[in-house]
Amino acid sequence: MIALLNRYQGALRVVALVVGVALIIGVLSLPMNLLQSSIRLATPYVLGAMAALVASRAGVLNLAIEGKMLLGAFIAVAMLYKTGLDPLIGVLAASIAGGALGVVFALLYLRIRINLVILALAVNLFIANATVFFLRASFGAFGTLADPSIRGLPQIDIPILRDIPYLGALLNGYNAVVYISWIMVVIVWVVLFRTQFGRHLRAVGENRDAAESVGINVTRVQVVALTFSGMLAGLAGAFLSLGVLSQFVENMTDGRGWIAITVSLFAFEAPIPAFFTALFFGLSEAMSFYLQSRPELNLPPDLLLAFPQIATIIALVFVALRIRAGELLRRQTFAIRFTQEMQKLTRGQIAGD
Amino acid sequence: MKFLRQLLDGISIPILAILLGLAVSSIFVVIAGASPIEAYQRLFCEGFGAQGCATFGDLLFTQIETETGAQTVFSPTYGAGGHSLALMLEQATPLILTALSAAVAFQAGMFSIGMDGQFVLGAITATFLGYALPDQVYALAGVVDYDSAPASLLTAMHLIIPTVCIGAAMLVGAIYSWIPGYLKVKLNVNELISTIIFNAIAIQIVGYLVNFPLRSDMNNIARTRRIDDSAWLIPFNRGIFQDIEWFSGARLGIGLILALIAAALVWFYLWRTTAGYEQRMTRGSGLFARFGGIPSGRAALRAMLISGALSGLAGAIAILGVERRVVDGFALSGTGFDGVLVAILAKESVVGILIIAPFFAGLNLGAINLQFGNLPRQLGGIIISFIILFRAMEDFLRLQFTNLWSKRRLILRARAEQDGAAT
Amino acid sequence: MPPALEMRHIRKFFPSSGVLANDDVSIEVQPGEVHAIVGENGAGKTTLMSILYGLQTPDEGEIVVNGAPAQIAHPNDAIRLGIGMVHQHFKLVPSFTIAENIMLGIEPNRAGFIDNQREADAVRQLADDFGLPVDPALRVRDIPVGMQQRVEILKILQRRAQILILDEPTAVLTPQEVSELLAVTRKLAQTGHTILLITHKLIEVKSIADRVTIMRRGRNVGTFNAADLSVREMANLMVGRTVTLRIEKTPAVPGEVILKVDDLLVAGAGGIPAVFGAHFDLRAGEILGIAGVSGNGQTELIEALVGMRAIDSGKVMFLGHDVTHDTVRQRRETGLAHIPEDRMTMGLNLRTNLDENVVVTSYQDEPFSRRGIFDFSSVRTLAQKIIDAFQVRSARVGEPIKTLSGGNLQKVVLGRELKGDPKLIIANQPTRGLDVGSIEFVHQTLVAERDKGAAVLLVSVELDEILALSDRIAVMFEGRIFAILDAKDATEEKLGLLMVGSALDAPDHAAEKTHP
C-alpha cells in the first residue's frame, strides 16, 4: 500500500491541493456571522496555544494552562465587580494574575522539583475550587457572578478596515482581546525567532546542556517563559469572561486549556500554524452553536457541544499518523530502492564472473 | 524492626503532608470569616464522627445520657441516629475502585485519567440494563412487575440481573479505556490529553442519553427510569442490617465488599502474577521490558482494559447500590478524577488507597456539610490540592534531609579522625 | 612567569552518592603546555575539570589563574577568565546553524534583536583566524561529528579562551579526525594557548602531551613528563597494580554457523537507513568483534539482530531458522543472549529489586511461574545462584539494586543473560564505564563462553578490547560492514583505515570479504 502511495506521490499532492482549496472555498462560503463567531471563539485557543508553545519551546510543558485561564477569567470579573472600572483594567488584571501564577508554578517546578504533571493537576484543582470558594465566600454568588457594574469588552470599529469589501466584515468589529491575540501571535514569532532571548529560550528547550554551558541561566529563562505563558493564559481567560457574556461562570474554561495544548502540539509548536489551527477549533466550536440554533436539523445539542473535543481527538490522531506515515514511507522507499540495487549488483557480479 | 521502620517511613510523609495541607488551607477559612479550629472540628465531625460530635475529642469518645447517668462510649461504634462513618464508607466505595483503576493504569506507565468517562458510561449501562433487562424477563414470564412475580423467579433475578449489569458496565468501561490506550501504543498519542478529551465526550454522550432517548419523566431535571428492584443491591440499612442504627442514613451496601474484593484481586494481580509483573516492568521508558522480550504493548493495553473495567464497576455500583437512576448532572460528580488524586496520594499502593480513599471521602463529606455553616464546600478541594502539593514535595524534603545527614556524618568522622590524630 | 593555572587542595564530596570525587587534589599547568589528565572512570578527572569550568564548586581549595586567585562559581566566570571547555558529549543545539551555535549567548544584536549578518561575518572571521574553516549557515544536525567538534572548539575560541579543556575529545572521532585534532591542538599550543586534555587513551598522551597528571580514586598520584613514562607505566599508576593488557586465550575452534546475516537494511531515526547491507557469518566457538566509531550503525544493527528494531530488507538466520521477523522473546527462546550497551535503562530496571531483574527473560517458564502465577522461592534461588556464581558484591536477594556499582550491575546482567547456556551472545560495549577489575572479569567471562561453544558477537568502540578478544574482526562504517579480517592480520593502523572507509592497499582484502 505504501509502495502504491509512493508511486503516485505527485498525483497525491495534486489531490491534497485540490482538497485544501475546496475546503478553503467551503469555509469562506459559510455565512458571515458564523465566520465572525469562529474568529471570536478562536481567541482563547489562539492565546492558549501561544501560552503552550512558548513554555514548550523552553522545555517545560505547561499543563496548568486550564487553571491559569480560569484564574484569569475570575480575576477579570472580580476586578470589575461593583467597582465599575473599565473592562480593559479587568483584562490587565487577569493577565497579571496569570503571570503571577506562572511564576509560582515555575518556582515550584524548577526550584522544589515537584513532578510536573502532579503539580499541574494540583494547580488546576486548586484554581477550580478556589474560584468557586471565593465566588461564594467573598461575593455571595452561586454558580455565576454577574452584575451591571461588570462591563463587557466593547467592539472596536476600525474605519479603514471597515470599508474593505468582504475582508472588512471579516476583520473588523471585534473586541480588544481578539485583536490583542493576533498581535500576540506576531510578538511570539518575533521574540522566538528574531531576538536574543528567543534564541536562548529555544536553546534551553532543545538542548539544555548546550545553553547551560555557555552561561545561559536556564532557570531564569524557564521562569520568564512560564510567566509569559501564564500571562497569555490569563488573557485568554479574560476573553472568556468579559468578551462574550461579561460574567463569570463556574468552570467556564471547560477544557479549552487542554484543547489549546493540543493545538500547540498539532502545529508542532510553531506560532503561525498554531494560529490557523486555533481558527479551525474556533470554527468547530462556532459550528456546534450554529447547528444547535437550527432546530430544523434536529441534532441533539449535547453531541454538538462535543464537536471541539471530537475534533481534538481527530487532530491528535492525525498528528501521530503524520509522523508515523512519514517514517514508514521513507523506510519503504529505501527498502524498495535498496533491494533493486542489491539485485542489480548480484546480477552484475554473476555476469562479471 | 525494619518493617516497623519502613512503615513509619511510609506514613510520616503522608501525615506531614496532610497536616501541612490543613494548616495552609486554614488561611482560606479565615478569609471566609470563620475560625479554622471550629471549621476543622465541624469538618472532621461531619465526615467521621458520630451523632452529636462537636470537637476533635468527640471523634474518639462521646458523652451520652443514659438512664444510669452520663457515660463515655467509643465513638466509631456508637451508632445512635446513624454514623457518618457509614456515609463516608458509602462514598468511599466508588472512590476506592476509581483509585485502583488509576493505580493499575499508572503502574503500566499509562498516565490515563479517563476514569470519569468510564465511570459514567458504566453507570448508564448498568442503569439501562437495570430496568430494561427485568422488563424483558417479566414479559417472558408473563408477569407485570416485581410485586407480582413469583419468589423463585425473583431470587434468580436478584442474583443474575445485577451480575449482568455489572458485567456489562465493566465491559463498556474496559472498551472505552482501551481506545486511548490503543492510540498511545500504536500511534504514541499522549494519553493524558486524550483521556481528558474522551472524558468530555463521554459526559456529553451520557448527557444526551439522559436528556433524550432514556429520559423517563418530564421532570424539570432530566433523569432516567429507576432500575428495577431486582437489580437493586440492597444497602445494609434496608436489608440485612436493617435494625442496626449505625447504618441508617447511608446507602452502604455490598458494594463495599465488592470494592474490597477488587482491591485484593488487584493487589494479587500486580504483585503475584506474571501479567502484573509485565505491566510493572513496562512502566517508564519501556526499554527494559522490550529488551527482555516482554510484550509491553499488550501489557499496557491489558492494564487499560482492567483500569476501564474497574471504573465501570465503580459506576455500576454507584447506580445499582445507591442512586438507582442517572440524573442529568450526575456525570459531573468527578468521582473518577478524585480516584486519580487518591492514587497519586497513595503512590499507587493498594494498601495506601484503602487508607486514603476513606479519608478523602470523609473530607469531602465533611466539607459539604460546612456549606450550611456558610463555608463553601470547595474548601475540601482546596485542602486536597495542598495535600497533594506537599506530598509531591516529598523528594525535595527527603533530599534536604539526606544531604544534611550525610554531611553531618562526614564532619563527625573527620572530627573524630582529627581528635584521634591529635592524641 | 607564573603558571597559567593552578588548582590547590581541591576537595569535592557528593553526599547523594557518598563519593569523595576529589581528595586534596593539586595541579599546576604552565602556559603553552599540553597537559594531559588521565585516570579511569570515576578517578575524579571530570569532576576536577567541572570545578575548573564552574559547573561545580569545590568544598575546599582554591584556583589560581595566571598568578591571580580566582572565584569560579559559574561557567560565565570561567569564560571571563579565559577558560573554555569542549565537552565529551557536545553541547550543541541540533536545529541551530553553526553560526547560531558558536554565538549562542553572545549574539550580536541591536537592543535584543539579532543581527544575522554581523553574526555570520564574525564566525567566518573567527574560522579564518584559526584556520578551522566552517560554513556558518549549515545546521549542526546535518554535519559530521568531526565538524561538530570543530564548532565546539570555535565556540570557546570565540570567547577568547586561553586555557582550553578538552574532555575525552577523541572518543567519537575516526583515526583520521583524531590526527587532525591533534594537529589543531599542537598549533593552538604553539600560539600560546594552554591545553588541558582529559583522556584515558594513553597512546594519545604519549603522542601529544608535554606533561601528564595521573589521577586515581580522587587523588593526584603524580605529575610527570609524558616522555619519561611508558604506556604500561602510566596504566599501572592509573590502577595501582600491574595490568594485563591482553587476555590469555587459546585459539578458537569454530564450529557450525550459528548466525547468518544477509544484506540487512535497517532504518534509523526518521526512517533514514542506518544499516546498509550488512553481511556476515558467525560460527560457534568464535568471537567476532565489530569495530568502528560509534554512530556508524552499530546500535541499529544490534537492535535489529536482537529484535528491538524492524528489518526493512534482508535476512537473519539463527541456528537455521529465519528469525528476521521474530520477536525478542522468540529469539531469546531460540538461544540468544544480549548484553546491552546501556545497563542502567535497558539491561536492568533500577527501580525494582534483584529478583525481578533476574527473572525478566524467563518469568513465563517453569519453575518461576505456573499458569501466570509466580513461584517466588524459585526466583529467589535463581537470584542467589547468580550472586554466588558471579560474585556480585553488596547484592542481596530481594533487595533493590540501584545502589550497586557499575561493575556489580554488569555482573547481574551477565549472570542473567548467560544462565541457560545461550548459543549466541551479543555483547554491545560490555565494559563501558567499568573499572579495570570488572573489565577483566567481563572479558574472561566472554572468552569462557566462547570456549564452551557459544558464538559471541562483540561490538565495541575500544580497539584494544576488540584486538584483545576477537578471533575475527569486522569494521563497520556508515552502516556497512567493511572487511572482515582474522585477528592475527589486524593491526591498529589497518583497522583505523577501514574505520574511515578506505579500502586497504592490497586488493585481495576488503572487496572480497564483504560479499563472499
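Let me start with the area buried between chain B and chain A, which in this predicted model comes to about 3,600 Å², with carbon and sulfur atoms giving 84% of that figure. On the residue level, this contact draws 41 residues from chain B and 39 residues from chain A. On the chain B side, at least two residues each come from helices H1 (2-31), H5 (151-187), H6 (191-211), H11 (335-345) and H13 (378-392) of chain B, and it is H6(B) that gives the most, with 13 residues. By residue class, that side of chain B holds 32 nonpolar residues, eight polar ones and one charged one.

Now to chain A and chain C, where about 2,700 Å² is buried, 59% of it on carbon and sulfur atoms, and where 27 residues of chain A touch 39 residues of chain C. Here the count is two salt bridges, one of which joins the side chains of Arg199(A) and Glu119(C) at 2.6 Å, N to O. There are also ten residue pairs in polar contact between these chains, both residues being at pLDDT 80 or more. The elements of chain A that give two or more residues to this side are helices H9 (176-194), H10 (196-206), H11 (208-213) and H16 (307-352), and H16(A) provides the largest share, nine residues. That side of chain A divides into ten nonpolar, eight polar and nine charged residues.

Methods:
Residues are numbered from 1 along each chain as its sequence is written. Chains are lettered from A and ligands numbered from 1 in the order in which they are written. This is a predicted model: local features need pLDDT of at least 70, side-chain atom pairs count only at pLDDT 80 or more; totals for chains, interfaces and linings use all residues. Side-chain values use heavy atoms; hydrogens and water are left out. Contact means heavy atoms within 4.5 Å. Buried area is the accessible area (1.4 Å probe) that two parts lose on being put together, summed over both. Helices (H or I, at least four residues) and strands (E, at least two) are DSSP runs, numbered from the N terminus. Ala, Val, Leu, Ile, Met, Phe, Trp, Tyr, Cys and Pro count as nonpolar, Asp, Glu, Lys and Arg as charged, and the others, Gly among them, as polar. A salt bridge is a side-chain nitrogen of Lys or Arg within 4 Å of a carboxyl oxygen of Asp or Glu. A polar contact is a pair of N or O atoms within 3.5 Å; within protein, one must be able to donate a hydrogen and the other to accept it, and residues adjacent in sequence count only if both atoms are side-chain atoms.
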